[in-house]
Amino acid sequence: MTIKILLVLVGFALIIFGADVLVDGASNIAKKYRIPDVVIGLTIVSLGTSFPEMMITITSAKNEYHDLIFGNALGSNIVNLGLILGIIALIKPVYLDRETKNIHLPLAIMATAVLAFMGNGLIGEHFMISRLEGWLLIAMSIAYFIVPAYKSLHRIQLTKHNIRPNTENISVPKSILLIALGFIALKFGADFAVDNAKIIGETIGIPDSIIGLTIVGMGTALPELITSITATLKGTEGLAIGNLIGSCILNLFLIIGLGAVINPLTYLPIFNLELMFLFGLTFLIWVFSYIGKRNTLSRLEGSILILAFVGYMVVLFIRLRL
């Protein structure tokens, strides 16, 4: 058990290192080509920090650990929007740009609803997500990824012709190397932390669904946590918000879709509680962008998100004891 705990700590250290160099490399590219931080967060960084969820999903799907896949995706999203976004807002009030408020947050709400419809049989088979539905979810994730990527490429072309070039001496190859190094460190760090935490959980006797929602969900959310806090402290909170929301949408579309394509997933109705909570949490963030100081998530609102997360964890603990 002591060795397993040490491996978890090694994983955390790798995640912290990977998050730091990933943010540096991604923000350098954003500065070089004048790409908004939020676009980088929605694409490169959100894909990179979703790598642990992808690895867990591939392994779990092959072994038919369906509860672990759903728990991983839903638990990670709840941590992202409840705990991590709340912490970021406490560090510094978060500005939500027009595109995030009008496009990405509504898409995150829609993604939760789509998964609820599929899982409960309102779309397709009852309590089953088929391979066809998996491909549909993957297609949605690809479409979601392509749109901001296309916009950023278009912005680069405009920058070349209409905007004064950035005179900072930023090495693109070095930035790409930092991003790649960050991805590798995040991947192996998450493997060490999550795999060994799962073994510890199983030794204690926790069910797969709870392991997925807690140990694995929180473990695979560590890259988002460290990356987002690092980005906020470095003044690139737009990258942090893009990372969180982009990761949430990818978790529901790409991660669940990938699992269903490998092996059709059996959905347990017990996850409806998580879907309802996640839907309400995302909707609450969207409402916060319209009240108080418009387009801003205040420290008070961040505290409310954290309290909601704590309340959810209490309910989860009670459910575990029953």
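The model is a predicted one, and a search through the whole of it returns 6 aromatic pairs. In one of them, the ring centres of F70 and Y267 are 5.3 Å apart with the planes at 85°, and because an angle over 60 degrees counts as edge-to-face, the pair is assigned to that class. This pair joins distant parts of the chain, since F70 belongs to helix α4 (residues 66-91) whereas Y267 lies in the loop between β3 (265-266) and α10 (272-288), 197 residues apart. Both F70 and Y267 are buried, and ring pairs connect F70, Y267 and F271 into a cluster.

Another pair is formed by F277 and Y312, whose ring centres are 5.0 Å apart and whose planes stand at 20°, so that the pair is stacked. Here too distant parts of the chain are linked, with F277 in helix α10 and Y312 in helix α11 (residues 299-321), 35 residues apart, and F277 and Y312 are both buried. A ring also takes part in a contact with a charge: the charged end of K101 sits over the ring of Y290, 4.3 Å from its centre.

Turning to the helices, the axes of α4 and α11 come within 7 Å and cross at roughly 145°, and the crossing is left-handed. The residues that meet there include I78, L81 and L85 from α4 and L305, F309 and Y312 from α11. Sorted by class, the contact of α4 with α11 comprises 13 nonpolar, 4 polar and 1 charged residues.

Terms used
Residues numbered from 1 in each chain as written. Predicted model: local features only at pLDDT ≥ 70, side-chain atom pairs only at ≥ 80, totals over all residues. Heavy atoms only, no water. Phe/Tyr/Trp six-rings, centres within 6.5 Å; stacked < 30°, edge-to-face > 60°. Helix = DSSP H or I, 4+ residues; strand = E, 2+ residues; numbered from the N terminus. Buried < 20%, exposed > 50% of the residue type's maximum accessible area, 1.4 Å probe, protein only. Lys NZ or Arg CZ within 6 Å of the ring centre and 35° of its normal. Axes fitted to C-alpha atoms, helices over the stretch in contact; angles between N-to-C directions. Left-handed = near helix turned anticlockwise from the far one by under 90°. Contact = heavy atoms within 4.5 Å. Nonpolar A, V, L, I, M, F, W, Y, C, P; charged D, E, K, R; others polar.
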